[in-house]
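Here is a short tour of a structure with several chains. Have a look at the sequence and the model, then read on.

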Amino acid sequence: MIDFEIEPQIEEARKVTRENALKHFRPIARYYDEHEHESPEDLIDTLWQDPSLGMAGAMGGGVGGIGPGMVLLAEEMTWGDAGLMLCSPGPGLGGAALMMAGTPEQLGRFMMSYGQGNPKWGCMAITEPGCGSDTSAITTTATRDGDEWVLNGEKIFASAGQRALDNEGGFVVVWASVDRSAGRAGIKSFVVPSGTPGIRVEKLEKKLGIRASDTASLILEDCRIPYDNILGNPEVVVDKAKGEGYKKVFATFDLTRPFVAAMALGVGRAALEFVQEVFDKEGIKIRYGMPRNKLTSLERDYMEMEASWKAAQMLTLRAAWMMGQMSRNDLQASMAKAKAGIAVTKVTQKAVELLGPLGYSRDSLLEKWMRDSKINDIFEGTGQVNTLIVARRILGFDREQLK
Amino acid sequence: MIDFEIEPQIEEARKVTRENALKHFRPIARYYDEHEHESPEDLIDTLWQDPSLGMAGAMGGGVGGIGPGMVLLAEEMTWGDAGLMLCSPGPGLGGAALMMAGTPEQLGRFMMSYGQGNPKWGCMAITEPGCGSDTSAITTTATRDGDEWVLNGEKIFASAGQRALDNEGGFVVVWASVDRSAGRAGIKSFVVPSGTPGIRVEKLEKKLGIRASDTASLILEDCRIPYDNILGNPEVVVDKAKGEGYKKVFATFDLTRPFVAAMALGVGRAALEFVQEVFDKEGIKIRYGMPRNKLTSLERDYMEMEASWKAAQMLTLRAAWMMGQMSRNDLQASMAKAKAGIAVTKVTQKAVELLGPLGYSRDSLLEKWMRDSKINDIFEGTGQVNTLIVARRILGFDREQLK
Amino acid sequence: MISFSPSEEQKMVITTMKQFATDEIRKIYRDCDEEGEIPESIIEKAWEFGLIAGSIPESLGGFGSEHSAVSGALVAEELAWGDLSMAMHFLSPALTAFPILEAGTEEQKAKYLPLFCEKARKYATAALLEPRFNFDLNELATSARLDGSDYVLNGEKCYVPLAANADLMIIYASLDGDTQGFIVEKGTSGLEVGEREKNMGIKALATYKLGLKDCRVPKSNRLGGEAGCDFTRIQNYSQVALSSMAVGVAKAAHEYALEYAKQRYAWGEPIASRQAIAFMLAEQYIDIEATRPMTWEAAWELDRGMDANKDAYLTKMYADDMVMTVTDRSVQVLGGHGYIREHPVELYLRNGRGFATFDGMAIV
Amino acid sequence: MISFSPSEEQKMVITTMKQFATDEIRKIYRDCDEEGEIPESIIEKAWEFGLIAGSIPESLGGFGSEHSAVSGALVAEELAWGDLSMAMHFLSPALTAFPILEAGTEEQKAKYLPLFCEKARKYATAALLEPRFNFDLNELATSARLDGSDYVLNGEKCYVPLAANADLMIIYASLDGDTQGFIVEKGTSGLEVGEREKNMGIKALATYKLGLKDCRVPKSNRLGGEAGCDFTRIQNYSQVALSSMAVGVAKAAHEYALEYAKQRYAWGEPIASRQAIAFMLAEQYIDIEATRPMTWEAAWELDRGMDANKDAYLTKMYADDMVMTVTDRSVQVLGGHGYIREHPVELYLRNGRGFATFDGMAIV
């Protein structure tokens with residue numbers, strides 16, 4: 001039955017998450033924006049003590065489970081601060097890959113230590129200097145040598161890459177080719193635990209936004225890992241129908257794209273609420289129900305921002321709901337991501353405009369949210385990549401039919 | 001020197017053109033929209049008596065010459081009515097092709113009789129049921145047989161096709177392939193005079209707008225024309241550097257695209273003025289100079305309509321100006337066409353919305369202008385085709401590098 | 001618990017409506033548009049589905065299911081996917097019945113609702129719009145004033161569907177500044193049905209201007225009786241209906257453009273193989289898929305008895321823009337072929353443009 | 001006669017500015033942004049071009065060419081193409097000089113304009129914006145009232161470029177409801193320069209809050225003397241300047257994205273070979289090319305002494321949206337690389353977002 005009621009326990013978790021975001025994220029958000037590459041140690045300890053306060057609280061581990069709860073809680077966290085949420089110790093995107101493609105043994109081996117000892121992080125390393133969305137062009141290689149894989153290559157834009165490698169128990173899921181001649185079919189993912197010789201952080205990026213989150217360049221030089229650190233089928237299956245190994249890994253996106261969409265929603269809602277508060281202070285009332293011609297330009301802008309936010313939220317909830325229903329949701333995940341990425345980019349940009357000198361100033365967080373939000377139209381597949389995926393799916397076209 | 005002053009004789013011609021549009025076009029515009037395929041005989045006679053009142057008055061023949069005057073006058077005519085302007089007897093698009101690619105002898109032979117005798121029309125027939133913008137896929141063939149070309153094929157969307165063939169002295173410029181294996185290089189254009197056996201009107205289209213303009217499907221069955229009715233070089237030059245014959249014909253667009261852009265501007269301005277008149281009657285004043293936040297939604301909409309109209313006008317004037325300067329203007333022609341097509345489509349659609357029940361009603365011409373304007377984003381290359389041309393030119397990419 | 005899945009019963013209704021739209025509506029919609037008429041036979045068939053009676057309690061002669069805006073939204077989308085004129089025609093009796101059901105007095109319900117449960121087709125409608133610039137449904141020019149035991153209505157209405165045939169209609173008028181509904185029966189003196197209107201779109205649906213010259217309505221026929229009605233809420237039901245119809249029209253346009261783009265070849269491949277076309281189609285699809293659950297949420301709020309004003313209003317605003325963009329881009333995908341009346345997209349565009357204007361012309 | 005071709009003299013100026021922007025500005029703009037400072041040496045070099053002195057009559061020590069908004073627009077575009085912070089810095093003396101030139105009394109011109117023709121760099125600026133929501137330049141909160149032989153200014157200003165160093169500035173304040181300018185010299189009592197502001201963009205340009213507490217300005221320093229000034233017209237000059245700068249920033253972003261898209265390979269070909277990318281670039285280009293002549297036309301109207309208010313205002317509105325879209329899409333073309341500060345597009349985006357706010361911060 002079509003229903004929009006949120007279960008009481010998720011509603012309660014949202015409330016708690018929001019309170020915690022207000023308490024732990026908001027007060028230090030500006031500081032870590034202005035002090036890039038400085039680590040919020042206190043926050044990290046707090047999040048490690050109570051992982052439900054951070055990313056793990058939303059992604060899989062929390063009360064939300066896999067489903068609408070996940071995105072509702074992620075929204076609350078990034079409403080607090082997106083960059084700081086991304087600092088959350090925990091398995092993160094690397095963990096998502098493990099959950100989607102790992103064996104129970106691998107899950108146990110790499111995720112067991114989460115929840116005990118010192119803070120640790122998981123990381124996903126896909127992008128390379130010469131390749132972004134075109135993962136078939138990955139040049140990092142994994143060569144088998146007896147019981148080991150030997151990895152060589154360079155990765156960039158690895159979120160939490162430094163934290164994953166600098167802390168015991170962390171790991172990086174590295175995408176690498178076992179057979180360059182096989183193209184996409186030769187791409188596999190490998191778990192590289194922290195402390196493995198031959199992997200190092202080359203530099204940390206300076207970014208437009210989400211500056212609290214470390215974005216690392218990683219170098220792999222004869223980096224050796226055990227043979228069974230490969231995720232999914234080690235065989236290279238070029239036959240499309242059997243390309244399960246690749247597909248399986250790729251299904252990580254079915255989880256992460258709605259998550260990123262939710263991240264966008266959180267930042268967007270922060271901006272909307274900020275504008276609303278200014279309206280309240282100024283005695284401006286938004287008149288829902290007026291004919292469009294009789295609205296003020298300000299009302300119209302704000303309503304359009306709200307409506308496009310709502311449209312993105314609906315797609316995000318639906319993608320997450322389908323995942324909870326164990327339905328194939330790749331189309332919906334890409335739709336949610338594409339829509340939320342651009343919608344919130346525009347919402348925050350417009351919010352800055354509406355508030356004029358106040359909006360453009362670093363005295364408030366609004367301009368930061370505009371900078372932060374932009375990443376959601378870029379990572380986990382740009383808006384264009386996700387739109388292309390949607391186009392292929394609705395047309396029933398493969399990569400050759402629609403390049 | 002950068003200058004936006006319109007010469008007095010063009011300013012005067014604009015005024016006269018506008019007065020005539022108001023006198024001859026506006027009063028019968030609704031009738032011929034409601035009575036599709038009925039011919040405005042009185043108007044045609046009037047326009048034949050004084051060609052400066054119609055299309056020829058703008059395109060090349062008029063006081064505007066080749067340059068900004070051309071588009072300024074075309075704008076005034078379609079401000080009156082686009083469909084009726086397109087009924088103008090005269091060489092029309094076929095004439096444009098002749099002017100751009102014909103020899104002086106051909107010009108004399110086919111255009112001589114214009115200005116005398118009964119009304120006559122020129123027509124351009126490019127599109128086929130199976131091909132639109134991809135002219136290399138043209139299947140109509142021209143086979144040489146001694147002193148003649150024999151044409152076979154089917155053409156659709158030929159503006160004024162019926163009038164060109166039904167009236168003595170008219171002609172149709174038909175694009176056909178002399179060598180299907182040569183692709184684009186094999187496409188040539190041929191002048192088929194009215195009265196030639198083997199060419200006939202198959203049907204007239206029922207359209208969304210510009211209903212006064214006849215849009216014909218033509219059948220060519222063993223249609224024989226003299227050998228020297230070919231425009232440009234009869235040789236098939238596959239070598240790109242030498243593809244002058246093809247290029248020459250294609251340069252017709254450098255003239256027609258700014259012209260179509262101007263047609264869009266005329267319809268758009270009619271809509272803007274109509275809305276402005278309602279505002280005046282209602283006592284609504286558009287407050288230029290107010291901070292955007294303080295505008296009403298209505299003011300904001302109207303201003304944005306005006307600004308995008310202005311942007312399109314600037315590109316149109318520039319493309320026409322360059323042509324007058326004998327500068328290569330293909331990039332500017334495509335920019336003007338792409339911008340004006342979409343800008344005016346949106347302006348008229350928004351105008352209908354702003355006027356609510358009055359805008360949607362066939363009691364006024366506004367809804368008709370919305371239907372009429374849409375053609376400008378379609379013919380002479382859709383918005384997408386023109387955007388693609390712009391993209392290729394600014395990237396320096398050929399058709400292979402950017403499909 | 002959040003769910004985007006219609007109930008089994010709703011799925012059946014969707015299937016039935018889709019089938020009807022495909023087999024019947026789609027067969028004749030173009031002729032209806034060109035001729036400005038909908039054949040009696042299909043109107044009868046639509047009546048037989050009991051679209052209105054199904055929401056009326058058994059005690060009043062209906063089928064007894066609960067009136068549900070969500071279910072109504074599902075039906076409205078499918079019918080409008082078939083054809084907007086026909087969707088509005090078939091659902092027009094609801095314009096009288098549902099406001100009475102939601103806001104009428106017990107007497108009004110008892111008197112009027114059984115009519116909609118009869119086997120014989122009832123014509124009924126509502127008059128909200130007025131022929132003037134800056135029409136504002138919260139500040140109607142049509143006025144109602146109490147005079148003895150009657151309300152006296154004066155003013156002019158437009159875009160009143162099927163007014164010439166209607167046995168019954170609700171006329172909205174300003175009563176001391178508030179918009180209120182009045183149930184008016186055919187032949188009431190002072191109720192003058194004008195000429196049929198000519199509109200850009202929904203040409204198969206006959207709409208009329210209405211003149212009200214001292215039109216006297218018994219006091220008891222004020223919708224909701226002495227207490228009146230919550231007009232905003234009636235408006236919200238209407239916004240849901242129109243938004244769902246916008247989704248239906250947009251979906252029809254999108255599907256046609258998509259198929260065309262797959263079949264139509266240029267430069268040796270389907271035009272859908274070009275990103276410029278493919279992205280238009282994908283963006284259309286995303287926006288349609290986003291708007292649908294927005295209409296559902298507003299409808300769900302209504303069914304729950306919650307305040308739905310903000311969501312219904314924003315959804316309608318979003319849907320108005322969405323359907324305009326989608327239908328325009330669908331014409332664009334077809335290029336020259338989109339401009340001729342052999343293909344349906346130009347019709348979708350004309351109909352699509354109307355949504356921003358069609359206030360109160362449909363209800364769920 | 002309509003012409004889109006700059007004069008020979010203007011072409012030379014364009015070439016010189018472009019060269020300067022390429023050789024000098026572009027070499028250091030990123031460091032300037034990160035460090036929030038512009039080196040003295042480049043400020044001096046810019047001064048040597050005589051950008052302001054060139055518009056001041058010989059009789060007052062200038063080079064004697066006529067002040068031309070069109071020429072100013074051409075310069076502003078090229079400098080902003082180099083870097084917006086530096087463009088605003090280098091042209092900031094005009095914020096005082098040009099309003100005096102256009103609207104000042106003969107005494108004001110004689111007293112102040114020669115200062116801008118000296119070899120030594122003058123710092124001068126203007127204060128228009130105010131730190132509040134719904135700032136309206138026609139209804140300033142900063143007030144001026146006549147008190148004896150002085151005007152007394154009270155209020156708060158923000159986004160005042162280089163206020164800490166300025167020897168001279170024009171402060172705009174509401175005088176009986178009209179916005180009027182007042183020429184204020186450094187050290188005037190009641191003029192309090194606040195802390196340097198922190199903004200999202202134009203980070204290399206120092207801007208300040210300004211407090212005005214009974215700041216007394218001699219009567220004779222009201223811009224235009226007793227008759228005052230036509231503030232709308234001054235605003236129009238400013239709108240032209242900012243629109244031209246928006247064109248410059250957008251062009252810089254577009255060019256970078258275009259080159260990147262040609263160099264960057266994915267799936268075996270440049271990403272620009274994909275229509276989704278190529279169309280973004282083409283649409284950017286079309287909008288930039290449309291905005292430029294719009295700014296020229298408004299400037300031309302000013303130079304002709306015509307009323308330019310509508311065109312200058314609409315152009316600015318269009319340019320604000322254009323630069324936002326173009327810079328955002330440029331980041332998008334670069335994807336992840338657009339998000340890091342190794343590439344300039346994120347800087348263009350931050351600067352581009354400011355145009356809707358930067359009222360009165362530049363003038364031609």
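How many residues lie between β4(C) and β5(C) in their hairpin?

## A hairpin in chain C

There are two residues between β4(C) and β5(C), and Asp176(C) in that turn has a positive phi of about 50°. Before going further, note that this is a predicted model: local features need pLDDT of at least 70, side-chain atom pairs count only at pLDDT 80 or more, and totals for chains, interfaces and linings use all residues. Residues are numbered from 1 along each chain as its sequence is written, while chains are lettered from A and ligands numbered from 1 in the order in which they are written.

Strand β4 of chain C covers residues 168-175, and eight bridges join it to β5(C), with the two running antiparallel. (Strands are DSSP runs of E with at least two residues, helices are runs of H or I with at least four, and both are numbered from the N terminus; two strands pair if DSSP finds at least two bridges between them.) Ala173(C) has Gln180(C) in β5(C) as its bridge partner. Strand β5 of chain C (residues 178-185) is mostly covered, with six of its eight residues buried. Buried means that 20 or more other C-beta atoms, placed from the backbone, lie within 10 Å of the residue's own; 12 or fewer makes it exposed, and anything in between is partly exposed.

## Helices in chain C

Now for α8(C), at residues 275-303. This helix has 29 residues and reaches 42 Å from its first C-alpha to its last, close to the 42 Å expected at 1.5 Å a residue (the expected span is 1.5 Å times one less than the number of residues). Of its 29 residues, 27 are buried. Just after α8(C) comes Gly305(C), with a positive phi of about 80°.

Helix α10 of chain C (residues 345-353) has nine of its nine residues buried, so it is largely enclosed by the rest of the structure. Among them are Glu346(C), Arg350(C) and Arg353(C).

Seven bridges join β4(B), residues 171-177, to β5(B), and they run antiparallel; here Val174(B) stands opposite Phe190(B). β5(B) also runs antiparallel to β8(B), residues 230-231, through two bridges, and Ser189(B) has Leu231(B) as its bridge partner there.

The largest nonpolar core has 540 residues, and Val172(A), Val172(B), Leu281(C) and Leu281(D) touch the most other members. Such a core is a set of buried Ala, Val, Leu, Ile, Met, Phe, Trp, Tyr and Cys residues joined through C-beta atoms within 7 Å.

## Where chains meet

Rotate chain A by 180°, with 0.0 Å of shift along the axis, and it superposes on chain B with an RMSD of 0.0 Å. The two copies are thus related as by a two-fold rotation axis.

Chains C and A meet through 39 residues from chain C and 35 residues from chain A. On the chain C side, α8(C) gives the most, with 15 residues.

Conventions:
Least-squares fit on C-alpha atoms with pLDDT ≥ 70 in both. Contact = placed C-beta atoms within 7 Å.
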